[in-house]
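Dear colleague,

Please find below the structure that I am handing over to you. A short account of the findings comes after it.

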Amino acid sequence: MRILIAPDKFKGSLSALQVAENIALGIRDVIPDAQIGIAPVADGGEGTAEVICNARGGEWVTCRAHGPLGNPIEARYVWLSENASAVIEMSEAAGLRALKDGVRDVLRANTLGVGEMLLDGAKRGAREIIVGVGGSVTNDGGFGMARALGFRFFTAEREIENGGPAELIGLARIEAPVTAGLSPETPLKSQPASALGGSLPIRIAAASDVRNPLLGENGATRTFGPQKGASPDEREILERALTRLADTVTRELGCDFRNDPGAGAAGGLGFGLMSFCNAELRPGFDVVAAAVQLEEKIRSADVVITGEGKLDRQTMEGKAPAGVALLARKFGKRTFAIVGRAVPDQRVRDIFDGVYELGGSIPQARELLRERARELGAALKH
């Protein structure tokens with residue numbers, strides 16, 4: 001029996017690779033002669049770079065950047081020398097891990113460091129940069145990233161030279177950088193964004209696991225603002241700021257992505273990547289599946305096992321286990337999910353041939369994964 005194990009991470013507990021390895025141990029206890037393949041997956045959120053790195057033999061590199069509130073950080077990303085490409089997670093510079101002492105301020109937090117990481121990848125010679133768009137503590141529409149890339153933002157009276165999205169309330173004009181090439185000798189701050197999406201053939205693929213637009217009830221601010229600590233009053237300020245940003249981008253740059261699915265990802269960074277970097281916004285699972293050659297691996301398997309920390313309605317909205325199940329169904333393969341928890345929603349459960357819940361605490365996750373895998377292995381033998 002050929003079994004492919006392709007889970008996502010259990011957030012806050014185990015990486016996708018650790019989940020896969022523990023499931024494999026449990027299966028092998030019951031079916032020792034099984035041919036087991038491991039293909040950890042992700043959907044554009046945290047863990048995306050690690051999954052692609054492990055699958056493609058990449059290396060981790062570091063660069064100096066700034067955290068969401070301006071604190072200096074060492075950010076890391078994956079370099080794939082085989083095709084001169086970089087894999088960046090925006091959360092590395094604009095997520096919880098980049099905060100100093102865990103202090104949040106959503107009105108000031110910005111994506112400057114994400115732009116600095118993009119520039120470092122370009123300077124290294126990248127022909128393609130994949131950006132995992134998820135896990136942000138920012139809500140700036142990519143404003144900070146664009147400043148790092150050379151875009152300039154002005155009110156009627158002055159240039160906005162730092163700060164977060166609250167500064168955009170009075171935005172009146174955007175000045176795009178002059179087209180020029182990048183070279184290792186060029187100082188970072190003078191390297192223009194147009195080299196990322198213009199004069200040099202660098203493709204930017206933004207990998208997102210959400211389809212929210214930039215604005216409105218389902219937009220970046222009103223959907224994700226509360227979990228970033230934004231009060232009702234702050235959410236109104238942020239919505240006004242992003243509306244002003246979108247209106248000004250439309251007028252000054254001649255493009256309008258505010259209503260595109262995924263524009264609201266990572267506090268509107270999806271919108272910013274499309275507007276300022278000419279990025280293609282793609283479902284994160286699709287980007288990862290292509291990078292790890294998942295379709296070919298599923299095609300050659302008899303049974304597919306996936307999983308994640310929580311199986312719920314969100315799973316159906318672009319999350320990795322649903323993507324695995326849909327690909328497996330395409331080739332007529334049975335698919336099972338081993339998950340931390342699963343809500344009693346039959347529509348979600350029905351995309352799998354069986355769902356196994358851990359039902360325990362995070363410290364027990366490894367042993368519980370092996371236990372549930374043994375149960376699944378026993379069922380597969382009959």
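Please note that the model is predicted.

The count of aromatic pairs comes to three. One of them joins F143 and F153 in an edge-to-face arrangement, with 4.9 Å from centre to centre and 85° between the planes. This pair links distant parts of the chain, since F143 belongs to helix α5 (residues 143-148) and F153 to strand β7 (residues 152-154), 10 residues apart. Buried means under 20% relative accessible area. F143, with a relative accessible area of 0%, is therefore buried, and F153 is buried as well because its relative accessible area is 0%. Ring pairs also join F143 and F153 with F151 and F276 into a cluster.

Two arginine residues are placed over aromatic rings. R173 lies over the face of F154, 4.0 Å from the ring centre. The charged end of R124 sits over the ring of W79, at 5.9 Å from the centre of that ring.

Turning to the helices, the axes of α8 (residues 232-253) and α9 (residues 265-277) come within 12 Å and cross at roughly 10°. Angles under 35 degrees count as roughly parallel, and α8 and α9 are therefore roughly parallel to each other. On the α8 side, the contact is made by L242, L245, A246, V249 and L253; on the α9 side, by G267, F271, S275 and F276. By class, this contact of α8 with α9 has seven nonpolar residues, two polar ones and no charged ones. F276, one of the contact residues of α9, is also a member of the aromatic cluster.

Yours sincerely

Note on methods
Residues numbered from 1 in each chain as written. Predicted model: local features only at pLDDT ≥ 70, side-chain atom pairs only at ≥ 80, totals over all residues. Heavy atoms only, no water. Phe/Tyr/Trp six-rings, centres within 6.5 Å; stacked < 30°, edge-to-face > 60°. Helix = DSSP H or I, 4+ residues; strand = E, 2+ residues; numbered from the N terminus. Buried < 20%, exposed > 50% of the residue type's maximum accessible area, 1.4 Å probe, protein only. Lys NZ or Arg CZ within 6 Å of the ring centre and 35° of its normal. Axes fitted to C-alpha atoms, helices over the stretch in contact; angles between N-to-C directions. Parallel < 35°, antiparallel > 145°, perpendicular 65-115°, else oblique. Contact = heavy atoms within 4.5 Å. Nonpolar A, V, L, I, M, F, W, Y, C, P; charged D, E, K, R; others polar.
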